[in-house]
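Here is a protein chain to study through questions and answers. Look at the sequence and the structure before reading on.

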Amino acid sequence: MDLSNKIRQRRTFAVIAHPDGGKTTLTEKLLLFGGAIHVAGAVKSNKIKRGATSDFMEIERQRGISVATSVMGFEYRGLQINILDTPGHEDFAEDTYRTLTAVDSAIVVIDAAKGVESQTRKLMNVCRMRNTPVMAFVNKCDREGKDPFDLLNELEKELRVKTVPLTWPVGMGATFKGVYSLYRKKLSLFTSQDKQRVDDHVVEFSDIASPELEAHIDRFADKLREDVDLLQGVYPSFDVNGYLAGSTAPVFFGSALNNFGVQELLDAFCEIAPHPRPTRTDARTVDPFEEKLTGFVFKIHANMDPNHRDRLAFLKICSGTFERNKPYLHVRLGKQLRFSSPSAFMAEKKTVVEAAYPGDIVGLHDTGNFKIGDTLTEGEKMTFKGIPSFSPELFRYIDNADPLKAKQLAKGVDQLMDEGVAQLFTSALNGRKIVGTVGALQFEVIEYRLEHEYGAKCRWEPIALHKACWIESDSKDQLDDFMLRKHANMARDKHGRNVFLAESPYALQMAQDKFPDLKFYFTSEL
Ligand code: G4P
């Protein structure tokens with residue numbers, strides 16, 4: 001098969017949700033319906049549940065799971081589908097943001113009772129930054145939830161996308177009967193006694209006005225007719241181009257736990273989700289159909305084996321064919337590298353691959369060559385853009401607690417930052433190192449991993465800071481003036497960029513007011 005057909009077959013996406021929304025359950029059901037696994041329970045939750053066991057044990061357990069499920073690839077209806085896993089804990093949200101740079105579309109799971117939650121909003125913002133096409137799955141319809149019309153309004157308002165329902169729930173909570181596919185005109189029903197199984201008769205209706213509808217859903221028939229009437233009046237018919245442009249989100253209702261509405265979602269996904277799309281670099285836009293290989297590293301996973309310091313770098317292929325043992329240019333290092341055992345991920349198995357194509361993710365064994373955002377090409381000098389780094393909100397000074405292990409500490413901190421665990425800043429005032437994170441758990445992760453993987457000990461000292469933001473100005477005078485006045489609050493990030501460490505929202509506001517020509521950035525792109 002030629003390259004262009006292989007590209008057209010590939011669908012690379014992520015399932016995203018606020019913790020507990022049902023991401024793990026839905027992912028598993030997609031694999032089950034897609035035939036990639038045969039029993040439920042194969043995909044373990046990668047949530048870190050506090051209090052269950054020691055947090056460190058949980059972190060290790062989570063890391064073990066996440067390497068196994070980083071990419072779940074399977075073939076379905078002639079398509080090669082790659083689901084990229086994202087961490088289940090909010091403190092690791094940055095990993096999720098970065099993973100979103102490697103997908104061509106996303107499915108966002110919403111809890112029908114809770115609606116749009118804080119993490120859903122943030123994740124959708126990242127999708128919008130990149131115009132990633134998104135489908136929404138309203139989950140847990142088997143529980144009492146919000147009214148579906150209200151949910152659609154909430155999705156539109158909160159996520160700032162147009163919504164178009166493609167399926168519709170019949171009843172909700174205890175009376176949840178099933179879903180009606182508005183585009184297929186098919187009704188899928190629950191067997192009321194056993195909600196774990198899908199009723200194998202799917203009823204087709206070309207006209208739901210037919211009195212036969214009553215025979216299937218009785219008193220819910222009229223309500224469904226009314227709802228469908230209203231939906232047709234209010235919502236435009238589904239426009240696939242709006243979805244592909246990231247401005248319209250088709251919405252599906254169901255219950256992942258009960259296998260309900262999942263088939264409809266998967267079918268629609270196969271029909272409309274995009275194959276790999278062009279990707280931006282600092283030099284030009286790369287088309288996936290180009291002959292020459294390009295790709296970027298969006299995730300680095302430290303090896304679980306403490307005797308080997310090697311790591312696995314996850315490369316998203318953006319164009320061309322990746323071949324085992326062929327030399328590629330590591331653009332940042334200006335060095336040719338070849339890979340003798342690149343791995344691909346099929347269901348839960350990791351295998352060495354000879355070749356991989358745009359949309360695929362390959363795992364590359366790395367002895368410290370890679371950082372997040374690194375680009376591989378066949379010689380062209382360019383770097384993929386758009387891997388976000390968010391302004392951290394929690395800060396601590398990191399000090400060496402074992403004078404004999406200073407080197408190990410420096411190396412450990414350096415490598416953990418390359419993996420994207422946290423961000424490191426150097427204070428302009430005193431030269432001390434400051435670690436900034438988005439979640440408190442990262443400090444525990446860093447301390448634990450420094451000790452277990454690098455034999456180093458660190459000590460934390462809290463600093464009361466509100467936010468770190470990157471600053472830039474076209475006026476050098478103003479920038480110099482700002483840096484002089486705010487010397488005590490200035491730092492540099494790992495790439496040498498200027499960062500302002502604001503002590504409070506007030507201090508930040510004051511700085512923005514006083515220096516109107518200065519740009520304050522709360523995200524930076526690698
Ligand atoms: P997450 O990965 O987004 O964090 O969510 P996860 O799938 O782990 O689901 C969170 C909880 O919601 C789980 O319950 C799960 O069983 C439940 N759940 C998922 N989908 C549905 C659904 O369609 N209906 C109902 N009623 N519940 C659903 P848990 O008690 O936290 O875990 P578990 O002990 O059941 O695994």
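Q: Among contacts between residues at least 6 apart in sequence, what percentage join residues at least 24 apart?
A: The model is predicted: local features need pLDDT of at least 70, side-chain atom pairs count only at pLDDT 80 or more, and totals for chains, interfaces and linings use all residues. Residues are numbered from 1 along each chain as its sequence is written, and side-chain values use heavy atoms, with hydrogens and water left out. A contact means heavy atoms within 4.5 Å. Of the contacts between residues at least 6 apart in sequence, the part joining residues at least 24 apart is 72%.

Q: How many helices and how many strands are in the protein chain?
A: Helices (H or I, at least four residues) and strands (E, at least two) are DSSP runs, numbered from the N terminus. By this rule the protein chain has 14 helices and 33 strands.

Q: What percentage of the residues of the protein chain count as buried?
A: Buried means under 20% relative accessible area, exposed means over 50%, and partly exposed lies in between (1.4 Å probe, protein chains only). The protein chain has 526 residues, and the buried part is 56%.

Q: Is Leu 30 buried or exposed?
A: Leu 30 belongs to helix 2, residues 23-33. Leaving out residues up to four places away in sequence, Leu 30 touches Phe 13, Val 15, Phe 74, Ile 83, Ile 107, Val 262, Leu 265 and Leu 266. One of these, Ile 83, is 53 residues from Leu 30 along the chain, yet their C-alpha atoms are separated by 9.4 Å. Because its relative accessibility is 2%, Leu 30 counts as buried.

Q: How are helix 2 and helix 10 oriented to each other?
A: Axes are lines fitted to C-alpha atoms, for helices over the stretch in contact, and angles run from 0 to 180 degrees between N-to-C directions. The axes of helix 2 and helix 10 come within 10 Å and cross at roughly 70°. Angles under 35 degrees count as roughly parallel, over 145 as roughly antiparallel, 65 to 115 as roughly perpendicular, and the rest as oblique. Helix 2 and helix 10 are therefore roughly perpendicular.

Q: Which residues of helix 10 make the contact with helix 2?
A: By class, the contact of helix 2 with helix 10 has six nonpolar, one polar and one charged residues. Ala, Val, Leu, Ile, Met, Phe, Trp, Tyr, Cys and Pro count as nonpolar, Asp, Glu, Lys and Arg as charged, and the others, Gly among them, as polar. Helix 2 gives Leu 26, Lys 29, Leu 30 and Phe 33, and helix 10 gives Val 262, Gln 263, Leu 265 and Leu 266.

Q: How many of the 11 residues of helix 10 are buried?
A: The buried residues of helix 10 include Val 262, Leu 265 and Leu 266, and also Glu 264 and Asp 267. Helix 10 (residues 262-272) is largely enclosed by the rest of the structure, because its buried residues number nine.

Q: Where is Pro 274, and is it buried or exposed?
A: Pro 274 is in the loop between helix 10 and strand 12 (279-280). Apart from neighbours within four places in sequence, Pro 274 contacts Arg 10, Arg 11, Asp 104, Ser 105, Pro 133, Tyr 243 and Leu 244. With a relative accessible area of 8%, Pro 274 is buried.

Q: What is the C-alpha to C-alpha distance between Gln 9 and Pro 274?
A: Gln 9 lies in helix 1 (residues 3-9), and with a relative accessible area of 22% Gln 9 is partly exposed. Gln 9 and Pro 274 are 265 residues apart in sequence, and in space their C-alpha atoms are apart by 9.5 Å.

Q: How are helix 4 and helix 5 oriented to each other?
A: Helix 4 (residues 93-100) and helix 5 (residues 118-129) pack with their axes 9 Å apart, at an angle of about 30°. The contact is made by Ala 93, Thr 96, Tyr 97 and Leu 100 of helix 4 and Gln 119, Lys 122, Leu 123, Val 126 and Cys 127 of helix 5. By class, that contact of helix 4 with helix 5 has six nonpolar, two polar and one charged residues. The two helices, helix 4 and helix 5, are therefore roughly parallel.

Q: What is the phi of Asn 131 near?
A: Asn 131 sits in the loop between helix 5 and strand 5 (134-139). Asn 131 is partly exposed, with a relative accessible area of 44%. Its phi is a positive value in a residue other than glycine, near 55°.

Q: How many disulfides does a search of the whole structure find?
A: A disulfide is a pair of cysteine sulfur atoms within 2.5 Å. Among the cysteines, Cys 318 is buried, with a relative accessible area of 3%, and Cys 458 counts as buried at 10% relative accessibility. Over the whole structure, the number of disulfides found is zero.
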